Amino acid sequence: MMSTQIFIEILREQNTSATWMDVRNIVATNNHFGKAVPDDEKTQNNSDNILKPLIDRGELIITQGFIGREPSGKTTTLGRGGSDYSAALLAEVLNAKDVLIWTDVAGIYTTDPRIVSVAQRIDTMSFAEAAEMATFGAKVLHPATLLPAVRSNIPVYVGSSKAPQDGGTWVTRDPQPRPTFRAIALRRDQTLLTLSSLNMLHAQGFLANVFGILAKYKISVDTITTSEISIALTLDKTGSTSSGTKLLSDELLEELRQYCTVKVDTGLSLVALIGNDLHIATGVAKRIFDTLEPYSIRMISYGASTNNICMLVQSEHADEVLRSLHKSLFE
């Protein structure tokens, strides 16, 4: 709030007329504090009644991101990436032609340049590709940012505020070309939860019971593989809102043990290969597994998505796996 008030005074000193707006008067949310969900209908109405008339008069509006207001009037926050999410929400209700996200890097790269120095900037990519990258660890863009943009088909541009002349990445609905391999993302600090029970054989309702317990404790599941008598789930703290310091509480584990044996593995990282039509492209598996032959792969999720292949590896090998895949597929 204070930074926008300071900024508007700087504009006025430079003889630029601008109007300060409290974004909480526009963005309506529920009362899920810390990760509030916007009320799209109320936000649209607020924009139509408050924001649009000012813009139609040609006024320059300076406002905030990250915050909103719940029905009783209390301030809420939208969670990680909430400022970018706010920009996309406002773009949607204002029917804007595009969203410009200014960050500290000049666009989205084929992987993290801090790990792979020869990573290449991607000039254009699809909403689906960007969402996969953001979901699986790319910090430059938050997955929620893309939701309003996808709904209203609003292009999103990611560029560097430090060097705007260096260009950036446009995220659109259907960019061309659509390469088989687009990028690689890495998400550290993953938990693998393996649940086993002979009662799974030809039984109904086992998965419903498991996911019911996880939902009760607000645990978000990322990837899943199954066999006849066991299921393996990867979990990430980012998407979960369980209370306390541990992702999996003793109470949660005890409830799961009523249905099955439980094994918890930590010290793992998820490497996600992002691309197009990966589930039907020929030769993909061979190229990947030939590259990863020296490494132990704990779990693979392949075929459920057209846009990603996920591999769970030991965290101490994660950077090496990333470099090896990038060298094989992009260099």
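I looked up Cys-310 and found it buried, with a relative accessible area of 2%. Buried stands for under 20% relative accessible area and exposed for over 50%, with partly exposed in between, using a 1.4 Å probe and protein chains only. I noted Cys-260 as buried too, at 7% relative accessibility.

I work here on a predicted model, in which local features need pLDDT of at least 70 and side-chain atom pairs count only at pLDDT 80 or more, while totals for chains, interfaces and linings use all residues. Residues are numbered from 1 along each chain as its sequence is written, and side-chain values use heavy atoms, with hydrogens and water left out.

**Disulfides.** I searched for disulfides, taken as pairs of cysteine sulfur atoms within 2.5 Å. The structure holds 0 of them.

**Sheet.** I took helices (H or I, at least four residues) and strands (E, at least two) as DSSP runs, numbered from the N terminus. Two strands pair if DSSP finds at least two bridges between them. I then read off an open sheet of 4 strands, in the order 5-9-10-8, with mixed pairing. Its edge strands are strand 5 (99-103) and strand 8 (124-126), each pairing on one side only. Neighbouring strands in this sheet are turned by 20° against each other on average, direction ignored. For that angle, axes are lines fitted to C-alpha atoms, for helices over the stretch in contact, and angles run from 0 to 180 degrees between N-to-C directions.

**Strand 5.** I followed strand 5 to strand 9 (residues 156-160), and the two pair in the parallel sense over 5 bridges. Val-99 stands opposite Val-156 in strand 9, and Leu-100 has Tyr-157 as its bridge partner there.

**Core.** I defined a nonpolar core as a set of buried Ala, Val, Leu, Ile, Met, Phe, Trp, Tyr and Cys residues joined through side-chain atoms within 4.5 Å. The largest one has 30 residues, of which Ile-108, Leu-141, Val-156 and Val-171 touch the most other members. The elements giving two or more residues to this core are strands 5, 9, 11, 14 and 16, together with helix 4 (127-135) and helix 5 (143-152). Strand 14 supplies the largest share, 4 residues.

**Helix 8.** In helix 8 (residues 284-291) I found Val-284, Ile-288 and Thr-291 buried. Seen down the helix axis, the buried residues fall within an arc of 70°, so they line one face of helix 8. The arc is that of the directions from the helix axis to the C-beta atoms. These buried residues pack against strand 11 (181-196), strand 14 (261-275), strand 16 (308-314) and helix 9 (318-330), where contact means heavy atoms within 4.5 Å.

**Backbone.** I checked for cis peptides and noted the bond joining Gln-176 and Pro-177, with omega about 0°. Pro-177 lies in the loop between strand 10 (168-172) and strand 11.

I also looked up positive phi in residues other than glycine. Phe-66 has phi near 80°, and is found in the loop between strand 2 (61-62) and strand 3 (67-69). Phe-66 counts as partly exposed at 33% relative accessibility. Asp-277 has a positive phi of about 55° and sits in the loop between strand 14 and helix 8. Asp-277 is partly exposed, with a relative accessible area of 32%.
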